[in-house]
Amino acid sequence: MTKAKPFEIPKQWVLESYRQVRSRKGAPGYDGQSIEDFEARLRGNLYKLWNRMSSGSYMPPPVRLVEIPKADGGRRPLGIPTVSDRVAQMVVKRELEPRLEPYFHTDSYGYRPGKGALDAVAITRERCWRYPWVVDLDIQAFFDSIDHDLLMRAVRHHTQERWMLLYIERWLKADLVLSDGTRRPRDRGTPQGGVISPLLANLFLHYVFDCWMDRNWPGVPFARYADDAVCHCQSEAQARQLIEALERRFGECGLTLHPGKTRIVYCKGGRRRGTYPNQSFDFLGYTFRPRPSRTRQGTLFVGFNPAVSRKSLKAMGATVRSWRLTARIHDTPETLAEAINPVVRGWLRYYGRFNVGQLLRFLSRLELRLARWARRKYKHLRRSWRRSLAWVRRIRTARPTLFVHWQALYTGSVAR
């Protein structure tokens with residue numbers, strides 16, 4: 001008679017979790033195994049993973065640490081689990097997330113079903129019209145600072161499933177493998193880049209920040225996307241009191257507000273405009289600041305509105321340069337469009353939602369790059385910028401939907 005496994009984890013859960021991991025792709029972990037390598041022995045790998053998780057013997061392997069450049073010149077540490085570990089984390093995430101979702105705050109927008117960054121930008125825009133002061137929060141090294149004991153206390157509040165608790169605790173303690181191969185043990189934090197990390201981070205901040213704000217500052221609305229948050233205040237004094245209270249609260253929970261990046265921002269007109277030092281802030285790739293606007297009746301006024309940030313434009317410019325269009329002289333206009341359209345469409349869908357004009361000015365420079373590409377590709381265009389630009393216009397007139405940015409620039413249709 002076959003002895004039953006201590007944990008009832010259906011094999012179907014593991015298979016469905018693998019399919020989700022595969023759809024997200026991702027880089028290999030410390031073992032160098034890619035998704036394609038894992039798939040080469042799929043049945044055996046999934047069975048081994050299910051067997052170990054069901055028996056309680058699954059031990060998460062170390063997490064590969066990589067650092068990616070940030071827009072401000074710093075570097076962001078990312079932890080990349082192995083493929084099999086990402087599947088295991090997905091099994092737990094799929095079971096834990098539905099239990100947590102009903103409890104999460106309405107104004108928590110990060111990594112949640114049916115919510116997104118643009119929802120947070122939209123509600124922040126509306127509240128900036130109603131509240132004259134904003135506290136722009138920045139939590140220093142948040143993902144590296146999460147207190148394991150406090151986090152596990154929160155997890156136990158929502159589930160008593162032994163296998164979930166067992167594996168979450170093991171994931172929190174899994175070593176990091178540095179680029180030189182050395183291992184670093186961990187007693188705090190959850191690696192940014194893990195499948196389950198965003199869910200655990202949301203749960204941690206749900207109790208540390210969201211619930212605390214509702215209890216202690218019910219008149220201060222906020223929008224939070226993971227560890228990025230803004231709060232709206234009625235006065236500068238209230239904003240200063242809030243920062244002081246948050247410093248104490250976060251200190252009690254093992255977190256620190258970044259002293260150089262946490263700011264009070266003034267977002268109204270009147271006498272303070274032109275005298276207060278901070279009159280803009282960045283949130284989720286958008287810069288909020290005073291901008292010329294019009295009422296429905298056409299009256300011009302200055303409103304506090306979002307548009308694509310300089311950091312985002314700088315990152316997009318780096319992406320365009322990485323395409324090295326002038327070196328792709330063997331491409332046709334069709335293959336060129338096939339390569340760049342998905343990226344540009346993504347920019348338009350995200351940054352085209354609010355004040356699209358700045359984004360369109362950036363995209364208009366793509367015309368010059370296409371003209372430069374045409375000069376390199378076609379001999380009869382090499383001596384004349386005027387001819388190469390005219391060639392681009394002819395293609396655009398004949399096939400206005402070939403490049404996505406043409407539709408936005410010349411027909412007013414922004415990709416959705």
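Is Arg396 buried or exposed? With a relative accessible area of 17%, Arg396 is buried, where buried means under 20% relative accessible area, exposed means over 50%, and partly exposed lies in between (1.4 Å probe, protein chains only). The model is predicted, so local features need pLDDT of at least 70 and side-chain atom pairs count only at pLDDT 80 or more, while totals for chains, interfaces and linings use all residues. Residues are numbered from 1 along each chain as its sequence is written, and side-chain values use heavy atoms, with hydrogens and water left out.

Salt bridges were examined next. Side chains of opposite charge can pair when their charged atoms come close. A salt bridge is counted when a side-chain nitrogen of Lys or Arg is within 4 Å of a carboxyl oxygen of Asp or Glu, and the structure holds 13 of them. In one of these, Arg396 meets Glu367, at 2.8 Å from N to O. Arg396 belongs to helix H14 (residues 385–398) and Glu367 to helix H13 (residues 357–377), so the bridge ties together parts that are 29 residues apart in sequence. Helices (H or I, at least four residues) and strands (E, at least two) are DSSP runs, numbered from the N terminus. Glu367 is also buried, with a relative accessible area of 7%.

A second salt bridge joins the side chains of Arg224 and Asp210, again at 2.8 Å from N to O. This pair links distant parts of the chain, with Arg224 in strand E6 (residues 222–225) and Asp210 in helix H9 (residues 197–216), 14 residues apart. Arg224 counts as buried at 2% relative accessibility, and Asp210 counts as buried at 0%.

In a further salt bridge, the closest N and O atoms of Arg99 and Glu161 are 3.7 Å apart. Arg99 is in helix H4 (residues 83–100), whereas Glu161 is in the loop between helix H7 (148–158) and helix H8 (162–173), 62 residues apart. Arg99 is partly exposed, at a relative accessible area of 30%, and Glu161 is partly exposed at 32%.

A disulfide is a covalent bond between the sulfur atoms of two cysteines. With the cut-off set at a pair of cysteine sulfur atoms within 2.5 Å, the search of the whole structure finds zero disulfides. Cys267 is in no disulfide, and the nearest cysteine sulfur, in Cys128, is 4.5 Å away. Cys267 counts as buried at 3% relative accessibility. For Cys231, the closest cysteine sulfur is that of Cys233, at 6.5 Å, which is too far for a bond. Cys231 counts as buried at 0% relative accessibility.

Cys128 is also among the buried residues of helix H5, together with Ala117, Leu118, Ala120, Val121, Ile123, Thr124 and Arg127. Helix H5 has 14 residues (residues 117–130) and should span 20 Å at 1.5 Å a residue, which agrees with the 21 Å between its end C-alpha atoms. The expected span is 1.5 Å times one less than the number of residues.

Finally, the whole structure was searched for cavities, and three of 30 Å³ or more are found. A cavity is a set of points, on a 1 Å grid over the protein atoms alone, where a 1.4 Å probe fits but cannot get out, and lining residues have an atom within 4 Å of a point. The largest cavity has a volume of about 70 Å³. Its lining includes Val63, Pro81, Asp85, Trp171 and Arg186.

Technical notes. 1 Å grid on protein atoms, 1.4 Å probe; cavity = no way out; pocket = protein on both sides within 12 Å on 5 of 7 lines; lining within 4 Å. Points joined across faces, edges and corners; volume = space filled by probe spheres on them.
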